[in-house]
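Hello,

Here is the structure I promised to pass on to you. Please have a look at it first, and then read my notes below.

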Amino acid sequence: MLYTISTKALKIGMFIILPKWHFDYPETGNKFLITSEKQLNFIVNTGIKKVQIDSAMSQANIDFQRITHPIPEKGTAIPAWDPEKGFTMELRSIISDPDAALEVKARAVYGKSLEIMKILFLNPTADVLGETKKAVAKIADLILNDEETSLNLLQLTSHDFYTYTHSVNVGILGISLTKRLYKRNTGHDIHELGAGFFLHDLGKIKVDQAILNKPGRLDDNEMKRIRIHPFQSYKILEKTNQLTDECRVICMQHHEREDGGGYPRRLVGDQIHDYARVCCITDVYDALTAERSYKKALSPFEALRVMKEEMIGFFHKEIFENFVRLFNA
């Protein structure tokens, strides 16, 4: 499992993956097991704020659930961002770097996407939402135009289930699936579709953290509370003047099911927009392949099997078949 954590939380025994486009540790390269205080000090002194840890390769006995959080605690400081610079300048520089290996570029884009979503969930103002949508447009263009990098991005989308990573995973999977479905059809605004996929769970900031973080199944009352988040996503986007038709149907319908068993409106079949059908499939897939405190992650193959055999009434058949084909590339 890959986790993105603060460099302040690093410990001896963690297996670290440093951002290769920035530098290599002089003795071991950018991937290595931390075995000394010297290595810890080197990483901290570089000024990098966040790094990736591979829990499977780590030797330290660490509860990663305790050092990563789906929604920041109340009072958490909002990360600084420059309205003049926005998010897109650094993202553009990563995407356009001709010297970066494809895997490294994909990891850099993925890491920047996580950072953007963290800032947004802490500070969902009109300005930040506008900048987020610009950044998502850059990611969408990358997926549309760079086949090899987009395949590398797909391989990064199954590891943990925190609200930020889930939003990024569904965003990348959703754009990849719509690319397959619509090819170069100009009748679909992939930028706004991407925004809808990335922002589908934004309304969870209005749900009690205790419910979001509960290590187990939710009771009926808790389920009622969690089911407000589609409408809350809609309201936030409407209030900030960022609500488009694509974002509206994705936010409001991504928990609807083909058989009418979804929420909030129990829509059936063609009452559900195809854009929301895409989001529903990618949302469920990412949840199944994520590890949580009360369940282990399924492999991609097992998740697709469960979706096909045990959730047969949830999804649009043709769109689901196209989703499966993404993994045969």
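**A loop residue and some aromatic pairs**

In this predicted model, Leu202 sits in the loop that runs between helix H7 (190–199) and helix H8 (209–212); helices here are DSSP runs of H or I with at least four residues, numbered from the N terminus. Residues are numbered from 1 along each chain as its sequence is written. Because the model is predicted, local features need pLDDT of at least 70 and side-chain atom pairs pLDDT 80 or more, while totals for chains, interfaces and linings use all residues, and side-chain values use heavy atoms, without hydrogens and water.

Leu202 has 0% relative accessibility and so counts as buried (under 20% relative accessible area; exposed is over 50%, partly exposed in between, with a 1.4 Å probe and protein chains only). Leaving aside residues up to four places away in sequence, Leu202 touches Leu120, Phe121, Pro124, Leu129, Ser233 and Ile236, where contact means heavy atoms within 4.5 Å.

Now to the rings. Rings of Phe, Tyr and Trp (its six-membered ring) pair if their centres lie within 6.5 Å; planes under 30 degrees apart are stacked, over 60 edge-to-face and the rest tilted. That rule gives seven aromatic pairs. Phe231 and Tyr234 are stacked because their ring centres are 5.8 Å apart and their planes at 15°. Both lie in helix H10 (residues 229–239), three residues apart, about one turn of the helix. Phe323 and Phe327 instead pair edge-to-face, with 5.2 Å centre to centre and 80° between the planes. Phe323 is buried at 0% relative accessibility, whereas Phe327 is partly exposed at 30%. Together with Tyr285, Phe323 and Phe327 form one aromatic cluster.

Best wishes

Note on methods: Helix = DSSP H or I, 4+ residues; strand = E, 2+ residues; numbered from the N terminus.
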